[in-house]
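Please open the model in a viewer and keep the sequence panel beside it.

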Amino acid sequence: MTQPIRTTCPYCGVGCGVLARKHADGSLAIEGDPEHPANFGKLCSKGSALGETLGLDGRLTHPQIRGNRVTWDAALDRVAHGFRRIIDEHGPGAVAFYVSGQLLTEDYYVANKLMKGYIGTANIDTNSRLCMSSAVAGHKRAFGADLVPICYDDLALADLVVLVGSNTAWCHPILFQRIIEAKRARPQMKIVVIDPRRTATCELADLHLPIRAGTDVWLFNGLLAHLHQQGVADAEFIANHTEGVSRALVVAENTAGDLQAVAKRCRIDAQLLAEFYAAFASTAKTLTVFSQGVNQSSAGTDKVNSIINCHLLTGRIGRPGMGPFSVTGQPNAMGGREVGGLANMLAAHMDLDNEAHRRTVQTFWNSPVIASRPGLKAVDLFDAIHERRIKAVWIMATNPVVSLPDADKVKEALQRCELVVVSDCVERTDTTALAHVLLPAAAWGEKAGTVTNSDRRISRQRAFLPLPGEAKPDWWIVSQVAQRMGFAGFDYTSPHEIFTEHARLSAADNAGQRAFHIGGLAELSREAFDALEPIQWPIPTAGHPGTPRLLGEGKFFHADGKARFVATAPRMPVRSLDEEYPLILNTGRVRDQWHTMTRTGVAPRLTSHAPEPYVDMHAQDALLTGARSGDLVRVATQWGSLIARLRVSGEMPRGMIFVPIHWNGAYASDARVGALVNPIVDPVSGEPELKHTPARVMPFVVSWQGFILARQPIPNLDLTWWALARGEQFLRYELAGRRVHGDWSQWAHQLVKAHGAELDWIEYSDPNAGVYRAVALDQDRIAICIFISPRADLPSRTWLASLFAKDRIDDADRRGLLAGQPADPAADDGPMVCSCFGIGRKRICMAIAKHGLSTPQQVGQQLRAGTNCGSCVPEIKLLLAERQAAQGAA
Ligand code: SF4
């Protein structure tokens, strides 16, 4: 076994350290890095499955123009000349880049430099706009700089952790594990969850406030007023280090001064609200963790500031265990902010509207121009493409046709655009399908550079795999295009050169006025860069150990050194519900998937927990739609519609539905939730209102439902509805149709022609009942199984999936296949709970019953479930609670 390469997980903003180790046989082992301060060796289900996502199946490995393979020279010339022509004819404002929190800091830096310093427009925005730009705007308004004042260690030091709009258990699982450990060590530590949904995160909560969607500012204004009324304000801190408290308090008192009224507005039990206010008031070490539930709102920036106001009033900021804490969704959202990857920022945290900053950057770059006003933010940028004001766009490492709001319009915009360039590591996505020029980019494991996580920690991503085909790092691709456009200053030969330039720029004209300062890394040698240990900025001098916390001494980054209270007048989401669209569509992540599934969708163990698109709904709302849990339903909004399986998990409040963001055209016929989301944005941050779109749900009537498990892909499925998930040694297709086939057997045989081999068929058909079951064997191994029924209650896929691991289907299996259920009930593991060890619900329930287990630890000792990443522990707790409730009822 070779020495492990230390790198960083590419999925979420926790930024976990990873060890990648090559075995002698060429296989790879992925483990958590025990020395990385973000995760100390742990990885969640997604990080643990990284090794399964590294195959070359589906990779984009050669440049293409209009679907034809071309040389790099031809592709780069096409991009450079295309951009040059459009700029010459229409000006720099007619071109744009749309980049991604997946890019490494060095990639981001070069793209931003080209656009703002050489092309001369700020039309470069990033998909991070969709995730945390409200936090950026809130930080800048309050602190004068976009910074997170605390560090992960504070999760263990806090006496009260308030999780707002964050399903931490699923979206930032390793941070959640750190909170669990802290709570275990100090049970008196209190956890409050503020979220309309009763998510897995609530399993750890001492208090859950199921807030009415969109009312967070009332709640935190109410808290501000309460803290003031209770005399908890830190008068000295306020006087010496802040401005604007009076106005903020007046607005808070006027809008939320009465607890009963706030409770009514937020639809929270007044006693629970009072309990939360009292806990916050009496606990100095309070950490308020917030995420997309706060940011993705038309009032996102005000929500952020209403939270920060409470920390400023009490002076609880930037000291051990206290402060507001924005956790980012993407691995390098923070790194993108550092280099100015957002359309309203310059590089190194400098401002576009600050003449001195523009001069500093232009002088440093020695660039011909410098953008002088903000460019178009993501939603506006694609609107401008739609209106043909932007005529060339270069999309890097992101899939906006799936992820942006009003995504059908985004698709239409790209169809109208003169020049669409996409650089990606995946060949077929909803967005690459619309590209004129496709550029093969390096993927995780092949590229090298840095990322910055949610607690300002810069970590190295290191390459441990060769570049496949002609794939190249993004920084190289952008530099090549820049050179072909005739620009000097892009002759980079390594990420090290780019990083040290970026570090030098952070120090330019910066005597401490700007928080982002990594001048201490500017002189790193190539070897020192390669060996760089994770370190938190600011790092102003060489040898500096990094900065775990900021602002604790009351020094802020506005010109006067003081923080700003922001008076936050509450307002409801822009689009209100009506008779036609009476439900709130909320969108978000599921436990085991990442973004638009382009990478996690290929890992079998990550697909089994949520194998098809679903909509979660309150039981009574479901009843009103006339659909039952497990039925297919259509979810519709003014902007679009999708089809999904109805789930009644018990997590949803009345009046709200939840649809995951992940499914795209490669994994389902009709499930891009972005197409349904209203394109309303926060007026300050430009972040879309992804968690509040008026919607309705109605039954999706089909004549039959079914599924296929097959070793080989089934091409050209021409059906009313389908969804695809990859399993171990098989593909799982969920199907539904309106047209009933007269001869299912003929249909099935036709479908599997692609398998090529002579198959041995076992079939059962009951035309009167509309039931058809078939299994095709290839020399005693199962090749394909097909189950069709007029109803959704079809046999367990988990049991059938397990048959694909067998070399021989025995007689008992054959009998079970025809009967549609295993002869031995224990052979069916049930829906997946623990993805790390492949343990299903039935096995866990049976172990709980058989051994009288009562804690997740006991379940772990018995089955290992929940002992790796811990993401499934909340579900195991629920199963234990269900068992205890059933015993109590008996
Ligand atoms: S929490 Fe999971 S997805 Fe996020 S960085 Fe860590 S291992 Fe990766």
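Start by selecting Glu387, which is partly exposed at 47% relative accessibility; that class lies between buried, under 20% relative accessible area, and exposed, over 50%, with a 1.4 Å probe and protein chains only. Before going on, note that this is a predicted model, in which local features need pLDDT of at least 70 and side-chain atom pairs count only at pLDDT 80 or more, while totals for chains, interfaces and linings use all residues. Residues are numbered from 1 along each chain as its sequence is written, and side-chain values use heavy atoms, with hydrogens and water left out.

**Salt bridges**

The term stands for a side-chain nitrogen of Lys or Arg within 4 Å of a carboxyl oxygen of Asp or Glu. Arg389 is also partly exposed, at 45%. By this rule the model has 44 salt bridges.

Next select Arg186 and Asp159, whose side chains meet in a salt bridge with an N to O distance of 2.8 Å. Arg186 is in the loop between α7 and β9 (190–194), and Asp159 is in the loop between α5 (154–157) and β8 (160–164), so the pair ties together parts 27 residues apart in sequence. Labels such as these refer to DSSP runs numbered from the N terminus: helices are H or I of at least four residues, and strands are E of at least two. Asp159 counts as partly exposed, with 32% relative accessibility.

Move to Asp813 and Lys806, another salt bridge, at 3.0 Å from N to O. Is Asp813 buried or exposed? Asp813 counts as buried at 9% relative accessibility, whereas Lys806 is partly exposed at 32%.

**Sheets**

Strands of a sheet pair through backbone hydrogen bonds, either parallel or antiparallel. In this model, two strands pair if DSSP finds at least two bridges between them.

Select the open sheet of seven strands, whose order is β5-β4-β16-β15-β14-β6-β7, with mixed pairing. Its edge strands are β5 (68–69) and β7 (124–126), each pairing on one side only. Inside the sheet, β6 (residues 95–99) and β14 (residues 392–396) are parallel partners over four bridges. Phe97 has Trp394 of β14 as its bridge partner.

Now go to the open sheet of three strands, β17-β18-β19, with antiparallel pairing. β17 (449–452) and β19 (535–536) are at the edges with a single partner strand each, so one side of each has no neighbour in the sheet. β18 (residues 457–461) and β19 pair over two bridges, and Arg457 stands opposite Gln536 in β19.

Select β28 (residues 721–727) next: six of its seven residues are buried, so the strand is largely enclosed by the rest of the structure. β28 pairs with β29 (residues 730–737) in the antiparallel sense over seven bridges. Trp722 has Leu735 in β29 as its bridge partner. The hairpin of these strands has two residues between them, and Gln729 there takes a positive phi near 65°.

**Backbone details**

Most residues other than glycine have a negative phi, and most peptide bonds are trans. Select Trp537 and Pro538, joined by a cis peptide bond with omega about 0°. Pro538 is in the loop between β19 and β20 (563–564).

His349 has a positive phi near 60° and lies in the loop between α15 (333–338) and α16 (355–365). His349 is buried, at 10%. Finish at Asn366, with a positive phi of about 55°, in the loop between α16 and α17 (378–386). Asn366 counts as exposed at 66% relative accessibility.
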